[in-house]
Amino acid sequence: MIPLTQMPKGAFGIIVQIAGGRRMLLRLDSLGIRPGKSIRKISQQALRGPVVVEIDRTQVAVGFGMASHIMVQPSGNPD
Amino acid sequence: MKILLIGNPNVGKSVVFSRLTGTNVIASNYPGTTVEFTKGYMHLPSDSGEIAEIIDIPGIYTLDEPSSKAEQVALEMLEQGDIVLNVVNATALERGLNLTLQLLQRNIPLVIALNMWDEAGHTGISIDAEKLEQTLGVPCVPTTAVTGQGFKELVSRIKDAKPGTFSFNDDERWQAIGNIIEKTESIIRHQHTFRDKLADASISPVSGLPIAAAVLYVSFLIIRTAGEALITYVFSPLFEHLWAPVLLKMSSWFQGRGIIHDILIGRLSNGEIDFEQSFGLLSTGLYVPVAAVFPYVCAFYLVLSFLEDSGYLPRLAVLADNLMHRLGIHGNAILPMMLGFGCNVPGVLSTRIMETDRERFITATLMVISVPCMAQLGMIVGLLQSGQHGMTGLTILFATLLIVWIVLGLILNKTIKGESMEIFLEIPPYRIPYIRGLAKKLWMRIVWFFKDAIPWVIAGVFIANILYVFGIINFLGTLAAPVVSGVLGLPKDAVGALTIGFLRKDVAVGMLVPLHMNLRQLIIASVVLTMYFPCAATFATLIRELGLKAMFKSALIMLAATLITGGLLNLVLKLAL
């Protein structure tokens, strides 16, 4: 299990848990980011910039701080 | 009857709105707050020929807990509708149903448009709309707003709107959504297309930044070229050949002099009207908003609407986030900044998409200080390019404002108390803008510009005249000379422009024209006019949005930043130019 920020670009994974307050959980939940979902990392900006992921076939930009609280179980890299 | 259009952001809601409504569309303020929404009308297909009011509500993801002021307003407006037309993105059904189920729980009569139906097909998603309708107990109509597919049926089924029959336990909402999806949706994995590759390239750090630089540069070129062309070939000739003779005729009725003559028509130079310098209500007062500024405003909004509708702005937000995060705001603040270039008022209004007071304060202050509106910029372009200066003046102006934006942001982030959030933003796929929707948006913005700008400009020119006639400008000039001449290195007369700048910045820039300043002074005057204080309309909006106390704080920051920047610029440019 690794934080989303450490997942390699292009890799797939399943969200295992999100370590954060209620407000952050609600915020992530509104765009479908919650434990149990499969997720793919598209890109990450340099210098602790935002992470872009694909979830439910749409792309979402997540700030570095939040992304580092999202714990993911990697599930292979098809590229 | 009131129909509310509700849906997630980026589901094509405003295109649906354009389709349903006629040309009679107005942007208005929600009573009590200053949040804008769009309202239009449509005929319902019934014998009575009833006309329904349609209100386009800002996109939201959830009714659970509003995270920004914009979402809060959407929630409040929900109380006022008779029918909710829920626009769901068929390519992201699961996310859309989250909002739909929350709407169902409120027992509001509902119709669902499964929009972007064609795109869903292309990406290998198929939804059984009939089954979905049976499950939820409300009409579900597949639509493709950009082509108009499904709209006849959508309109005919508005009358069938009803509270749904689907019941579920709210603690297990996602579970319930999962069950619906399983029954109604099937997906085939789709191939990576060119569009997907372009989408990936424009947010990858290596290729994204050069693409962003190119997009912004091309946007700037288009605005400048189109604006200049409109002025040179359309508006200037209109004023010179059609309007000037009328004014000269009027001038002869007054025998070319007198207070009324000077206020209405202005001072003639060699018996001719000089639209930039005469400064009469009917000469400069009309020329500035219509001929000098409007072409740039028009070109700007065309480009901005294109960037918005194509889906590029969210990508710019991701790329700019890194820098903005260090200024105490985040990538979302790119929208207020870009809107500010059109006019600072909507720029300030749109700061409500930021989640916390601190972010709103920093965003609004930075925007108002270092983003010149297009009206002002249009005049500055004319001013700085007169003579042999070329692009030097403009380049120094933009570089200075960018540095101020960054340095001031860093300082504010260190000193302002409170909490800032991080970027969290959906990035829609690239889409080809829907031309009719784009035209409608452009039209609304143009109407808004004229309604807002012309009265202010006329008032500005009028007051400038009064101040001159009674020698008040001269008096203020002497009073402020130590700062204006001593620190900023500007001629005493520039005080007139700075005074009128409180009212309207384009008029203020216009007042600099007859002063025949050198390039250094022109640059400093332009920078100072941009930074020192917002125009009256923006000022009023800031008070409403931030509150009096925060506005006072913001104004102090502006004045201090202006004196420091102007003073430094004076020293540096004396050596450099």
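Okay, let's start where the two chains meet: 23 residues of chain A and 25 residues of chain B make up the contact. Keep in mind that this is a predicted model.

On the chain A side, four elements each put in at least two residues: helix H1 (22-30), strand E3 (38-44), strand E5 (58-62) and helix H2 (64-67). Which of them gives the largest share? That's E5(A), with five residues. If you sort the chain A side by class, you get 11 nonpolar, nine polar and three charged residues.

Stay with E5(A) for a moment, please. E5(A) pairs with strand E10 of chain B, residues 424-427, and the pairing is antiparallel, over four bridges.

Now over to chain B and its helices.

Who's touching? From H11(B) we have B:Ala292, B:Val293, B:Tyr296, B:Val297 and B:Phe300, and from H16(B) we have B:Met374, B:Ala375, B:Leu377, B:Gly378, B:Met379 and B:Gly382. By class, that contact has nine nonpolar and two polar residues, and no charged ones.

While we're on H16(B), which spans residues 374-384, have a look at B:Gln376 in that helix. Is B:Gln376 buried or exposed? B:Gln376 has 26 C-beta neighbours inside 10 Å, so we call it buried; the cut-off is 20 or more. Leaving out residues up to four places away in sequence, B:Gln376 touches B:Lys505, B:Asp506, B:Val509, B:Leu529 and B:Thr530. There's also B:Val507: that residue is 131 residues away along the chain, yet the two C-alpha atoms are separated by 8.1 Å.

Last one, another helix pair in chain B. The axes of H1(B), residues 13-20, and H18(B), residues 435-469, come within 9 Å and cross at roughly 85 degrees, so these two are roughly perpendicular. B:Ser14, B:Val15 and B:Ser18 of H1(B) meet B:Arg436, B:Gly437 and B:Lys440 of H18(B). The class count for this contact is one nonpolar, three polar and two charged residues.

That's it from me, thanks.

Notes
Residues numbered from 1 in each chain as written. Chains lettered and ligands numbered in written order. Predicted model: local features only at pLDDT ≥ 70, side-chain atom pairs only at ≥ 80, totals over all residues. Buried ≥ 20, exposed ≤ 12 C-beta atoms within 10 Å, placed from the backbone. Contact = placed C-beta atoms within 7 Å. Nonpolar A, V, L, I, M, F, W, Y, C, P; charged D, E, K, R; others polar. Pairing = 2+ DSSP bridges. Axes fitted to C-alpha atoms, helices over the stretch in contact; angles between N-to-C directions. Parallel < 35°, antiparallel > 145°, perpendicular 65-115°, else oblique.
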